[in-house]
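This report concerns a single protein chain. Please look over the sequence and the structure before reading on.

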Amino acid sequence: MEIDIDKIKAFPVITFLTLFCGVFISGFLFIYVFNDEIFLSLDLFRLTALAVSITIPLFSINGFLILMGLTKDEENAPNNDAFHRAFAASMYLGSLMTIPVIYISILIGYFFELTEKQGILLAIIIEVTLLISVSILIFHDSSKTKKKNDSR
């Protein structure tokens with residue numbers, strides 16, 4: 001089977017790679033750094049389920065926040081095509097936001113030899129900080145543009 005490279009679009013490939021690195025690979029690495037005994041003892045299916053269960057909640061929260069920010073205007077809601085584009089962008093940006101949360105906690109956990117509970121707590125603290133920052137950026141920016149539109 002031949003694959004025509006010219007027909008491959010960049011955005012779906014980049015989105016897939018970002019999802020793969022943000023959801024799957026980071027979960028495996030998180031387990032390996034914080035509890036290598038579990039990593040080595042579980043079979044592939046259980047290890048994958050555990051790895052995904054660590055990263056999917058972060059990815060879901062980040063993706064939902066981005067989707068809310070992208071569709072906060074009423075004009076995007078009725079248009080089905082605009083919603084699908086916003087949904088695809090939110091999945092990409094949600095996984096992109098998950099990557100620093102997991103990898104920063106992995107790096108800190110590796111260098112300071114934290115336990116898995118401390119690693120999860122650290123990831124939650126980083127996630128909450130990121131959510132507050134992004135929420136302020138998204139919703140504070142919309143209030144500025146709304147005030148500019150109202151003054152016209």
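## Helix 1

The model is predicted. Helix 1 covers residues 10-34, which is 25 residues. From first C-alpha to last, helix 1 reaches 34 Å, close to the 36 Å expected at 1.5 Å a residue. A bend of about 35 degrees is found in helix 1 at Ser26.

The buried residues of helix 1 include Thr15, Thr18, Gly22, Val23 and Ser26. Also among them are Gly27, Phe28, Phe30, Ile31 and Phe34.

## Ser26

Ser26, the residue at which helix 1 bends, has 0% relative accessibility and therefore counts as buried. A polar atom of the Ser26 side chain lies 2.6 Å from the backbone oxygen of Gly22. Gly22 is itself one of the buried residues of helix 1.

Neighbours within four places in sequence aside, Ser26 is in contact with Cys21, Thr55, Ile102, Tyr103 and Ile106.

## Leu58

Leu58 belongs to helix 3, which runs over residues 44-70. Its relative accessible area is 11%, and the cut-off for buried is under 20%, so Leu58 is buried.

With neighbours within four places in sequence set aside, the contacts of Leu58 are Thr98, Val101, Ile102 and Glu127. Leu58 and Ser95 are 37 residues apart along the chain, and their C-alpha atoms are separated by 8.6 Å.

Definitions and conventions:
Residues are numbered from 1 along each chain as its sequence is written. This is a predicted model: local features need pLDDT of at least 70, side-chain atom pairs count only at pLDDT 80 or more; totals for chains, interfaces and linings use all residues. Side-chain values use heavy atoms; hydrogens and water are left out. Helices (H or I, at least four residues) and strands (E, at least two) are DSSP runs, numbered from the N terminus. The expected span of a helix is 1.5 Å times one less than its number of residues. The bend at a residue is the angle between axes fitted to the seven residues ending there and the seven starting there. Buried means under 20% relative accessible area, exposed over 50%, partly exposed in between (1.4 Å probe, protein chains only). Contact means heavy atoms within 4.5 Å. A polar contact is a pair of N or O atoms within 3.5 Å; within protein, one must be able to donate a hydrogen and the other to accept it, and residues adjacent in sequence count only if both atoms are side-chain atoms.
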